[in-house]
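Here are my notes on the model you sent over.

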Amino acid sequence: MGPHEAQGVTMKAIRLLLVLATVLSAALARGEDGRRTISIFVENTSSFPNRVQVRDVEGRYGLPEDCRIAKKVAARCDRDGFRESRPLSRDGKMTCAVALALLDEPRCQIRDLIYDDWIDGGMKVELQIHVSHEGYGMVAVRAVNNTDSWTFKPGLRDGDTVSHQ
């Protein structure tokens with residue numbers, strides 16, 4: 001093998017390493033998105049419809065960004081009629097009235113909330129949840145129209161059904 005052929009092989013190896021490094025850095029940069037998820041089902045075993053809320057305990061979503069902005073805007077509102085309609089967010093889109101209404105929504109009050117809706121009796125909904133390092137998921141479930149207490153369901157695997165009344 002001559003010097004030019006060896007140089008060509010070396011350049012190809014360097015290009016291959018650069019492509020691999022780019023792919024690996026993109027995969028690592030995904031962060032939260034790169035975490036493993038599984039599909040589970042939440043079933044209403046009651047014969048009546050229930051308003052069900054589900055939290056992904058392993059998800060660690062926190063509160064949505066618009067809820068965090070609403071909290072900051074609401075702190076600057078002084079409840080008089082003049083400031084209710086004046087935009088106070090940096091982007092100029094969120095008024096006091098919008099911020100206060102948003103903070104009353106369950107998704108802005110409950111951390112890691114992934115589902116908040118009615119489920120008819122005997123019906124199931126499919127949800128995607130994150131798993132722990134051990135490979136198991138955990139959710140907290142409650143039927144808002146029946147109780148305010150959360151029921152924790154640990155050790156969930158792909159395809160499991162969580163029954164709730």
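**Notes on the fold, cores and disulfides**

1. D112 comes out as buried, with 11% relative accessibility; buried here means under 20% relative accessible area, exposed over 50%, and partly exposed in between, using a 1.4 Å probe and protein chains only. D112 sits in the loop between helix 5 (106-109) and strand 3. Helices (H or I, at least four residues) and strands (E, at least two) are DSSP runs, numbered from the N terminus.

2. Before going on, some bookkeeping: this is a predicted model, where local features need pLDDT of at least 70 and side-chain atom pairs count only at pLDDT 80 or more, while totals for chains, interfaces and linings use all residues. Residues are numbered from 1 along each chain as its sequence is written, and side-chain values use heavy atoms, with hydrogens and water left out.

3. What does D112 touch, leaving out residues up to four places away in sequence? Its contacts (heavy atoms within 4.5 Å) are V54, R55, D56, R60, Y61 and G62. D112 and E58 are also worth a look: they are 54 residues apart in sequence, with 8.7 Å from C-alpha to C-alpha.

4. Strand 2 is mostly covered, with six of its seven residues buried. Strand 2 runs antiparallel to strand 3, joined by six bridges, and antiparallel to strand 5, joined by five bridges. For the record, two strands pair if DSSP finds at least two bridges between them.

5. The largest nonpolar core has 15 residues, and I40, V42, V54 and V139 have the most contacts inside it. (A nonpolar core is a set of buried Ala, Val, Leu, Ile, Met, Phe, Trp, Tyr and Cys residues joined through side-chain atoms within 4.5 Å.) At least two residues of this core come from each of strand 1 (37-44), strand 2 (50-56), strand 3 (113-119), strand 4 (124-130) and strand 5 (137-143). Leaving out residues up to four places away in sequence, V139 touches I40, V54, R55, V57, I129, T151, F152, K153, L156 and V162.

6. Apart from that core lies another, of eleven residues, including C67, A70, V73 and L100.

7. How many disulfides are there? The count is two, taking a disulfide as a pair of cysteine sulfur atoms within 2.5 Å. With the bonded cysteines of the chain numbered in sequence order, the pairing reads 1-4, 2-3.

8. C67 is joined to C108 with an S to S distance of 1.8 Å, and the link is left-handed, at -65° about the S-S bond. C67 lies in helix 2 (residues 65-75) and C108 in helix 5, so this pair ties together parts that are 41 residues apart in sequence. C67 is buried at 2% relative accessibility, and C108 is buried at 8%.

9. The other disulfide joins C77 to C96, S to S 2.0 Å, and is left-handed too, with -105° about the S-S bond. Because C77 lies in the loop between helix 2 and helix 3 and C96 in helix 4, the pair ties together parts that are 19 residues apart in sequence. Both C77 and C96 are buried.

10. Last, T95 lies in the loop between helix 3 (81-84) and helix 4 (96-103) and is buried, at 14% relative accessible area. A polar atom of the T95 side chain lies 3.3 Å from the backbone nitrogen of V98.

Technical notes: Polar contact = N/O pair within 3.5 Å; in protein donor to acceptor, adjacent residues only side chain to side chain.
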